[in-house]
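The exercises below go with the structure shown here. Work through each task before reading its solution.

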Amino acid sequence: MKTECLGDYIKLKGKTYPCTLSLTMDLIGGKWKAVILYHLTDHDKRYNELRKEMPAITEMTLSLQLKQLEQDGLVSRKVYGDKPPVKVVYGLTEFGKSLLPVLEVLTNWGNHTAERDGEFFTEYKT
C-alpha cells in the first residue's frame with residue numbers, strides 16, 4: 001500500500017480506483033474541468049459568461065463538462081423561473097470549494113511554467 005492512500009483501492013459511486021490520485025483526476029482531470037472550476041472561483045456565473053471567459057471551449061464540451069461536474073457534486077446548477085427563457089446559474093458547491101487550494105497551486109505552477117518556457121498574450125490564438 002502506498003503512503004498517500006488509506007487502502008489498496010477506493011470505490012466511489014460504483015467506480016473502483018487504484019489510488020486517491022486516480023479518483024481525483026477522474027473528478028477534475030481532462031482539458032476543461034479544472035478550467036471551469038477555476039472560472040467559478042470568484043462567483044456564480046451563467047452559461048454564456050463561462051463561454052465568453054473560455055472562447056476555445058465548444059458549447060457541447062462546456063455543456064457536457066458542466067453536467068459531469070454537477071453529477072460529481074462539484075458544481076451546482078440553479079434554475080430561476082419556470083417559463084423560457086429561464087435563468088440558469090452555475091456555482092461551486094462546498095465540495096467544489098474544497099478544491100480551491102489545489103486550483104491555486106495548479107494555476108501558480110502553470111504561471112511559472114509559462115514564464116519559464118512560454119509566452120503570455122492578450123488575444124486567443126488558434
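A salt bridge is a side-chain nitrogen of Lys or Arg within 4 Å of a carboxyl oxygen of Asp or Glu. The model is predicted, and every value below is computed from it.

**Exercise 1. Salt bridges**

Task: Decide whether the side chains of Glu-94 and Lys-97 form a salt bridge, and describe where the two residues sit.

Solution: 
1. The N to O distance between the side chains of Glu-94 and Lys-97 is 3.6 Å. The cut-off is 4 Å, so the pair counts as a salt bridge.
2. Both residues belong to helix 5 (residues 94-97). Because they are three residues apart there, about one helical turn separates them.
3. Glu-94 is exposed at 62% relative accessibility, while Lys-97 is partly exposed at 39%.

Solution: 
1. In this salt bridge the closest N and O atoms of Lys-45 and Glu-53 are 2.9 Å apart.
2. Buried means under 20% relative accessible area. Lys-45 has a relative accessible area of 6%, so Lys-45 is buried.

Task: Describe the surroundings of the salt bridge between Arg-116 and Asp-117.

Solution: 
1. The side chains of Arg-116 and Asp-117 meet at 2.5 Å, N to O.
2. Arg-116 has a relative accessible area of 58% and is exposed. Asp-117, with 53%, is exposed as well.
3. The structure holds five salt bridges; the pairs treated here are among them.

**Exercise 2. The sheet**

Task: Work out the strand order of the open sheet and how its strands pair.

Solution: 
1. Three strands make up the sheet, in the order 3-5-4, with antiparallel pairing.
2. Strand 3 (45-46) and strand 4 (75-80) are the edge strands, each pairing on one side only.
3. Six bridges join strand 4 to strand 5 (residues 87-92). In this pairing Val-79 stands opposite Val-88, and Tyr-80 stands opposite Lys-87.
4. Strand 4 and strand 5 form a hairpin with six residues between them. Gly-81, in the turn, has a positive phi of about 95°.
5. Strand 3 pairs with strand 5 over two bridges, and Arg-46 stands opposite Val-89.
6. Strand 5 is mostly covered, with five of its six residues buried.

**Exercise 3. The nonpolar core**

Task: Which residues of the largest nonpolar core touch the most other members?

Solution: 
1. The core has 23 residues, and Ile-36 and Leu-37 touch the most other members.
2. At least two core residues come from each of helix 1 (20-28), helix 2 (33-39), helix 4 (59-71) and strand 5.
3. Setting aside neighbours within four places in sequence, the contacts of Ile-36 are Met-54, Ile-57, Leu-62, Gln-65, Leu-66 and Leu-69.

**Exercise 4. The largest pocket**

Task: Which element gives the largest share of the lining of the largest pocket?

Solution: 
1. The largest pocket holds about 930 Å³ of space.
2. It is lined by 27 residues, of which Trp-32, Val-35, His-39, Asn-111 and Phe-120 are the closest to its centre.
3. Helix 1, helix 2 and helix 6 (100-117) are the elements that give two or more residues to the lining.
4. Helix 6 gives the largest share, seven residues.

Notes
Residues numbered from 1 in each chain as written. Predicted model: local features only at pLDDT ≥ 70, side-chain atom pairs only at ≥ 80, totals over all residues. Heavy atoms only, no water. Pairing = 2+ DSSP bridges. Helix = DSSP H or I, 4+ residues; strand = E, 2+ residues; numbered from the N terminus. Buried < 20%, exposed > 50% of the residue type's maximum accessible area, 1.4 Å probe, protein only. Core = buried A, V, L, I, M, F, W, Y, C linked by side-chain atoms within 4.5 Å. Contact = heavy atoms within 4.5 Å. 1 Å grid on protein atoms, 1.4 Å probe; cavity = no way out; pocket = protein on both sides within 12 Å on 5 of 7 lines; lining within 4 Å. Points joined across faces, edges and corners; volume = space filled by probe spheres on them.
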